[in-house]
Structures are given as C-alpha cells and as structure tokens.
Amino acid sequence: MKKVVDVSIPLGPMHPSFKEPCRLKCETAGERVISAELELGYMKKGIERIMKGRPWQEVMFLAERVCGICSVIHNMVFIEAMEKISHIDVAPRAAYLRIVANELDRIQSHLLANYSFCYTIEHETIAMYLLNIREEAMDLLEILTGARVTCAFIVPGGVRYDISDDAIARIEGGLLRIETETTRYAKMFHEGPLIALRSKGVGILSPEEARRAHAVGPTLRASGIAEDARMHHPVYQTLEFKPLTRETCDCHARIMLRFDEIFQSIALIRQCLRMLPPGLIRSGGTCTRGEGTHFGEAPRGELGYHIVSDSYGRIKEISIQTPSIMNIEVCAHHMVVGVTSIADVMATYISADPCISCTER
Amino acid sequence: MSLLQKLKNSVRKRSIHVSFVDTASCNGCDIEILACLAPRYDLEQYGIYVHNNPRDADVLLVVGAVTEQWIDKLPMLWDKIPEPKVAIAIGNCAISGCVFHRPGSYTDPPVSKHIPVALSIPGCPPRPDEIIQAILAVAPIAFKDYEKKL
C-alpha cells in the first residue's frame, strides 16, 4: 500500500505532558499515525565522561544523579557492581534493607507514572489522588533513608543507616494506608468506562514486536512476557519473587500492571521487614581492581552497569545501559504506529513511562 | 499611591502564574515541583497557577545545568514571557552546575549567565515547601509598583 502523508506533526520539546524535553515527530494521514521518529539531545550532560577517572566515592553520588526518579536503583546497581568486582560480602541485615529502599522507590515511581498517564488522558481526579498517595511513599522513604529523592542509602558492604523498631512500625502503618488507597484507585481505573475508551485497545505492542525490539520492564511484561532482572537477584530469590504479567498488550494493561506491581512491592517490603535478621549493617571491605557487569531491575526495566576499575577503586571505564531508551524507541516504532488520534499518541507515549534524563544521561 | 496601583499590587501578590523549563537536570527537581501540585501542598490555594505556555506566565522556574541545546533556546523562551517577569533557579545545578560542572561535561552553568535570575533555591533537590515559600516570597517584591519602575 502506498503511504500518503498528510501532515507531519511535531510534539515537543516542551509539551504539557512531558516532564522533560524530547521531540516526537509523527507522520500522519488524517489523524492516523503512519510513522513516528524521536529526536533526543536536549538533556545530554555527558555523565559517563564525568565519571571516568574519579574514585567510587564520587561516582556513587553521580550514579544516583543519572535519574532522579529511580535514584535508589542506580545507586544499588552501581554499588553491587563494585561489590561483584571487589568480592565484598553484604551484611545480611543490610541486604534486606536495600530491598526495602528499592521497593519503596519503585512504589513512588509507578505511582508517578500512573499519575502522568491519568493526567494525559485528562482524568485529573485519579491523577491527583495518585499524586497525593505518592507523598505517603516519599515519607516512608524519608523515614528509612533520611532524604526524599537522592538519598545515597547504599554503600559497599551494607547500607548507611540502621532501622529502629519504631521506624518499622511507622513504615508498616504507611504501607497499609498506601495499600488501601491504591486498591480503591486501581478499581476506579479498572472499571472506569471513559478511561477504558481512552486506554483499551490503544497503543498495542504485540509480544513478537516487544521481543524483537527488546522492550524491558513493565512495557514488556504487559505484553505477556515474564522477564525481570529481580529473578536473578539472590535476595529476591529467597523472597520467592515471581514477575507479574498482563496479556492485553495495550495502555490499559501497562497501567494496571504498574498497579499490580505496587501491591507486589508492598508484599515484598512486608516480607523483608518480617525476615529482617539482627546484626551489623556494614560488613566492610575495599574496592579493588577488576572488570564486571551487573544488572538490576529499575522501575522502568533492566538497568546495567559495566565498570572497569583500578586498584585504588577509581573508575577507569564505565558504561550505563538504561531501560528508557529501549522503551521509548519501541514506543515510537511500534506502539504509536496506527494510533487513530494525536491525543492518543501522547497517552501511548506516557504509558511507556519515558525518562529522558536517564535515556541521554 | 493611586487606588488602581494598590489594587494591582494586592492582586499580583495573590495571582502568580508559573511556567517551568527543564534545562537538563537529573529529574529530581522536576518531580519535587510536580509534588507541589499534590493536594498535600496544593499550590493553587496560594494563588499559584502552573501554565505550560511561557506566554501565560509571570514566573519562570528554571531547573538544571544548561546544556548546549539550551544555550540559545533559554533566552528565546525568556523573551516570550510578558513583563513583569521574574526567573527562579531551582536546585544546585541551576545555581552552580554542582556535580555536572566538571571537565568533560556538555553543560554551561549557571543559569544566571544566560537569563537574569531573581532568586535561587539551593538543595539537591529542594523540598516542595521551600519551592512554594520562595515563589510566594519573590512575587510581591518583584511585581510591586511595576508601572512606576518603567
């Protein structure tokens, strides 16, 4: 069939629905999208170049600032890569506290992603509800780590602060509030007839396309493929972690999967707090020479760090593989194509949970 | 002072229109500004309204160490805002470049080199209540008796 392009519509770089600058160029026939192209480059800071030649004590904080939304997992994967290189053992209590911090971060990130989607389809009621309950998750993160966003909680061999019994009780109380509220909002989202019109059957990503284009994280799992880097993490294996999937492959499935994962994270945190062994939170050790790759599951998908360090623990070479770059390319080349209106292009793009600052670094 | 001027001063204190631009931050400050919209902080009870178009705004919130792409675009955006206007730099990146202002990076901080900045909020990232407090503090001073300053 011959392609007939009526008009090419650029969305961005500054767009109401984007948190960050990025340009999406859509070739359309009528309002139906024929193809889309991404234009990046507004956020390139060259963070990997800054990292080179610096000691791990500095790179640890830089790694956290690759992405501010999922800062805990960047910290965790970098430190675990350094531990792998230097053969440092983690204190058992600290290993569980890391999971608690990571899952709290995942809860707030997923709530933010779902807020963005609801805001994009102009359902401001659920959007504001979700943004409000996200503050509760940020409070819990603050109780545990002492900071809301960039907390630098994880250090080689352990974590920075211990948790008291009082704090455990407060975290459990907060989790209960998040669970009851989010159950309500998930039900509202699942049953809303107008939301279904905007999200069901929109932005379909078939399992074959997802596999071929290397989609990661919730975007992949909403297409029915159970892939999760957490399955290979030793502590998650003791918690008997199983990834969740959805089968309908559309925007609705992606958002509902994030709601499901919030409940899964809450269960994981409860399990960790129950199993928390007594003892020290830091085991000590020295970062040494070596080369290694480590993967972890960020809220948006698989995150990898490849590090070459020298005998003083300085970073000689580093490369970061972030999840968003896969997901937004998949979004531009598969999900957006065939969408019947420009308003749905935005909703589809946001449903992939794009994060430009970690895409470009 | 005329009655009209008094009225203008009092209205401008309670009706602040804000626009937001991200010139390559780590997203930390972005989400703290977003958190201000949450019902817990509730920007709009103070008369602060968030616009996506700079032509509607009085106050420009700038986040991030300025990258090469933004060097010419940031002053263009600043020119589009109607007078009286004011820019607020949020976060350490906008003030000094912080961790990104190192040899090898593609940034050109601070923001005050490119556009006039009235107020800076330090922090990595600053808390939402600090951001609200700063906007409320700068608006009455910057917009008071604007017609007389012309």
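Before counting any sheet, I note the rule: two strands pair if DSSP finds at least two bridges between them. Helices (H or I, at least four residues) and strands (E, at least two) are DSSP runs, numbered from the N terminus. This is a predicted model, where local features need pLDDT of at least 70, side-chain atom pairs count only at pLDDT 80 or more, and totals for chains, interfaces and linings use all residues. Residues are numbered from 1 along each chain as its sequence is written, with chains lettered from A and ligands numbered from 1 in the order in which they are written.

**Entry 1, chain A sheet.** I looked up an open sheet of three strands in chain A, and its order is β6-β7-β8 with antiparallel pairing. The edge strands are β6 (290-298) and β8 (315-321) of chain A, each pairing on one side only. On average, neighbouring strands here are turned by 15 degrees against each other, direction ignored. My note on angles: axes are lines fitted to C-alpha atoms, for helices over the stretch in contact, and angles run from 0 to 180 degrees between N-to-C directions.

I then checked β6(A) against β7 (residues 301-309) of chain A: nine bridges join the antiparallel pair. A:Thr293 sits opposite A:His306 in β7(A). Helix α12 (residues 323-335) of chain A packs on this sheet, touching β6 and β7 of chain A, and its direction makes about 140 degrees with that of β7(A). Contact means C-beta atoms, placed from the backbone, within 7 Å.

**Entry 2, chain B sheet.** Chain B has an open sheet of five strands, with parallel pairing and the order β2-β1-β3-β4-β5. Its edge strands are β2 (48-50) and β5 (119-121) of chain B. Neighbouring strands are turned by 30 degrees on average, direction ignored. I found five bridges between β1 (residues 16-22) and β3 (residues 59-63) of chain B, and B:Phe20 has B:Leu61 in β3(B) as its bridge partner. Helix α5 (residues 128-143) of chain B lies across β1, β2, β3, β4 (86-90) and β5 of chain B, at about 155 degrees to β4(B).

What does B:Val62 touch, not counting residues up to four places away in sequence? I listed B:Val21, B:Thr23, B:Ala87, B:Ile88, B:Ala89, B:Ile90, B:Ala94 and B:Val111.

The predictor gives the complex an ipTM of 0.87 and a pTM of 0.91. Chain B averages a pLDDT (the predictor's confidence in each residue, from 0 to 100) of 86.

Note on methods: Contact = placed C-beta atoms within 7 Å.
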